[in-house]
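Subject: Handover of a structure and its charged contacts

Dear colleague,

Please find the structure below. My notes on its charged side chains follow.

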Amino acid sequence: MKEIIVNGKALPIHFGMKAIDEFSKSQGIDFSETATSTAFAGSLETIVSLALVGLNEGARRSGKEERFCENDIWDMFDEDPGLILQISEIFANSIVPLTDKLGGMLKNGKRPTAEKKATP
């Protein structure tokens with residue numbers, strides 16, 4: 001998990017599978033498009049959506065109760081526009097290992113399977 005500094009306060013940010021799925025849904029695209037595209041950096045609105053899911057997922061995984069809304073993210077960017085590039089970079093660096101792992105699983109013929117129950 002990474003952190004960004006906002007107004008002198010460290011905030012956890014995480015782009016795991018859950019965050020990427022939520023971001024993809026919010027953009028109306030599927031995971032493969034998110035994983036293989038740079039479209040996430042195409043507009044400020046998209047980066048706000050990306051930051052929103054990453055910060056909320058970071059807070060959840062850290063056990064923090066604080067959650068953010070879009071206005072919070074816009075305010076952060078107003079105060080520190082450099083966060084736009086920082087968050088985009090964190091996302092790009094987070095998604096590469098995930099897609100590498102998933103790509104390797106599919107290439108090797110491994111697919112997620114349901115757990116089999118033992119027969120009595």
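**Salt bridges and surface charge**

The structure holds 5 salt bridges, a salt bridge being a side-chain nitrogen of Lys or Arg within 4 Å of a carboxyl oxygen of Asp or Glu. This is a predicted model, in which local features need pLDDT of at least 70 and side-chain atom pairs count only at pLDDT 80 or more, while totals for chains, interfaces and linings use all residues. Residues are numbered from 1 along each chain as its sequence is written, and side-chain values use heavy atoms, with hydrogens and water left out.

One of the salt bridges joins Lys9 to Glu66, with 3.4 Å between the closest N and O atoms. Lys9 belongs to strand S2 (residues 9-13) and Glu66 to the loop between helix H3 (44-61) and helix H4 (70-79), so the pair ties together parts that are 57 residues apart in sequence. Helices (H or I, at least four residues) and strands (E, at least two) are DSSP runs, numbered from the N terminus. Lys9 is partly exposed at a relative accessible area of 41%, and Glu66 is partly exposed at 35%. Here buried means under 20% relative accessible area, exposed over 50%, and partly exposed in between (1.4 Å probe, protein chains only).

A further salt bridge is formed by the side chains of Glu57 and Lys18, at 4.0 Å from N to O. This pair links distant parts of the chain, as Glu57 lies in helix H3 and Lys18 in helix H1 (residues 17-27), 39 residues apart. Glu57 is buried, with a relative accessible area of 5%, whereas Lys18 is partly exposed at 40%.

Glu57 also forms a salt bridge with Arg60, where the closest N and O atoms are 2.5 Å apart. Arg60 and Glu57 are 3 residues apart in helix H3, so about one helical turn separates them. Arg60 is partly exposed, with a relative accessible area of 40%. Together with Glu22, the residues Lys18, Glu57 and Arg60 are linked in a network of salt bridges.

Finally, Asp75, Asp78, Glu79 and Asp80 gather in a surface patch of negative charge. Such patches are made of residues with over 30% relative accessible area and no salt bridge, like charges being joined within 9 Å. The place of a charge is taken as CG of Asp or CD of Glu. Asp75 is found in helix H4 and is partly exposed, with a relative accessible area of 42%.

With kind regards

Key. Patches are made of residues with over 30% relative accessible area and no salt bridge: like charges are joined within 9 Å, nonpolar side chains (Val, Leu, Ile, Met, Phe, Trp, Tyr) within 5 Å. Accessible areas come from the Shrake-Rupley method with a 1.4 Å probe; for residues, only the protein chains shown count as cover. Lys and Arg count as positive and Asp and Glu as negative; His and the chain ends are not counted.
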